[in-house]
Amino acid sequence: MIDPAAPAIALLADKAQKRQLLQEVLQSFGYRVIFAREPEALDCQALEAIKADAWLLELAEESELADWLLEHSPVPVLLGAGEIPHHESEDYPRWKRRLYAKLLPLLGAPPAGDPAFARTVVDAVNAVSVMPPARCVWVLAASLGGPAAVKRFLDRLPATLPIAFIYAQHIDAGFEAQLPVILGRQNAWRVLNCVNGAHLHNGEVLVAPIKRSLDFAPEGQIRLSETPWPGPYQPSIEALLDAVVDAFAPACGAIIFSGMGEDGVQACGRLRAQGAQVWTQDASSAVCSVMPQAVVDAGYSSRQGSPEMLADALRYWVAQEWPVAL
């Protein structure tokens, strides 16, 4: 029996079978599922009347309901639980642990959940905090069309690689908190907002803040500042690339994805001068090729390709550069 004090989840999924499976799994965790209906029968006014502690959306296509929730929901919105493996497969327990680990920081542990299962997830999460800091850090930089491109890249790339990323996306500050759930959907990367004083670990993607600038302490810890980023872009890819070079060179690199403007071009030159890699998304796969093309035109791009091609290339590069860590 579900504890009436357990956190309440509203579920919005467009496939009936998946909706039923997700409801059963969420309830097995000990959470209350207070709403689980097909989206076709709903409008934004109906969503506003649902009082949950979090939303879980599993929608195959772009949805006005999802857009409305991301902009207006007063509670966390988790986008996607990923493909559900067959319950008898060895991937099924891992999928359950990943889903629980995404819910845990948003809702806390349900009071009547399975304590043994919860402990395995908590131990795995805590283990990350005692891992040594990442030795190799790459910047993923983007503007218009960036979130979709970067997600394609991360979906293709195993999160077990000995590398960490910092993601700099020109975007309205109101969407900053939503980027981790958007990018982390259906992959195992730990996508995080910035925490002052934290280290980057392998398997993590740090979302650069919009309104606050950052650099790194000599030991690699994140240093957040209330001072805005310099220049017209928020965040400043130029400033972030210089900060990463100062802290991590030569064990660093950058990939410039879809976007407008020329933010970061000169810093890419300084990165190349340090012997680091600078790669760019190709024009045929980018929503807007202006930003990556500016790096190509300046002569600083050492590889071009689609997000999937760049992910495959990075996997090969890591195997060559960090074979002991694999």
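Modeller: Helices, of at least four residues, and strands, of at least two, are DSSP runs numbered from the N terminus. The model is a predicted one.

Biologist: How many helices and strands are there in the protein chain?

Modeller: The protein chain has eleven helices and 13 strands. Its radius of gyration is 20 Å, close to the 20 Å that the globule rule gives for 326 residues, so the chain is as compact as a globular protein of that length. The C-alpha trace spans about 60 × 40 × 40 Å along its principal axes.

Biologist: What percentage of the residues is buried?

Modeller: Buried residues account for 51% of the 326.

Biologist: Which residues of the largest nonpolar core touch the most other members?

Modeller: They are Ile-166, Phe-216, Leu-240, Leu-241, Val-244 and Leu-271, in a core of 35 residues. Elements giving two or more residues to this core include strand E6 (164–169), strand E9 (213–216) and helix H9 (265–273). Helix H8 supplies the largest share, seven residues.

Biologist: And what does Ile-166 touch?

Modeller: Leaving aside residues up to four places away in sequence, the partners of Ile-166 include Val-139, Leu-140, Leu-206, Phe-216, Leu-240 and Val-244. There is also a second, separate core of 29 residues, with Leu-140, Ala-142, Leu-157 and Leu-161 among them.

Conventions:
Residues are numbered from 1 along each chain as its sequence is written. This is a predicted model: local features need pLDDT of at least 70, side-chain atom pairs count only at pLDDT 80 or more; totals for chains, interfaces and linings use all residues. Side-chain values use heavy atoms; hydrogens and water are left out. A nonpolar core is a set of buried Ala, Val, Leu, Ile, Met, Phe, Trp, Tyr and Cys residues joined through side-chain atoms within 4.5 Å. Buried means under 20% relative accessible area, exposed over 50%, partly exposed in between (1.4 Å probe, protein chains only). Contact means heavy atoms within 4.5 Å. The radius of gyration is taken over C-alpha atoms; the globule rule is 2.2 Å times the number of residues to the power 0.38.
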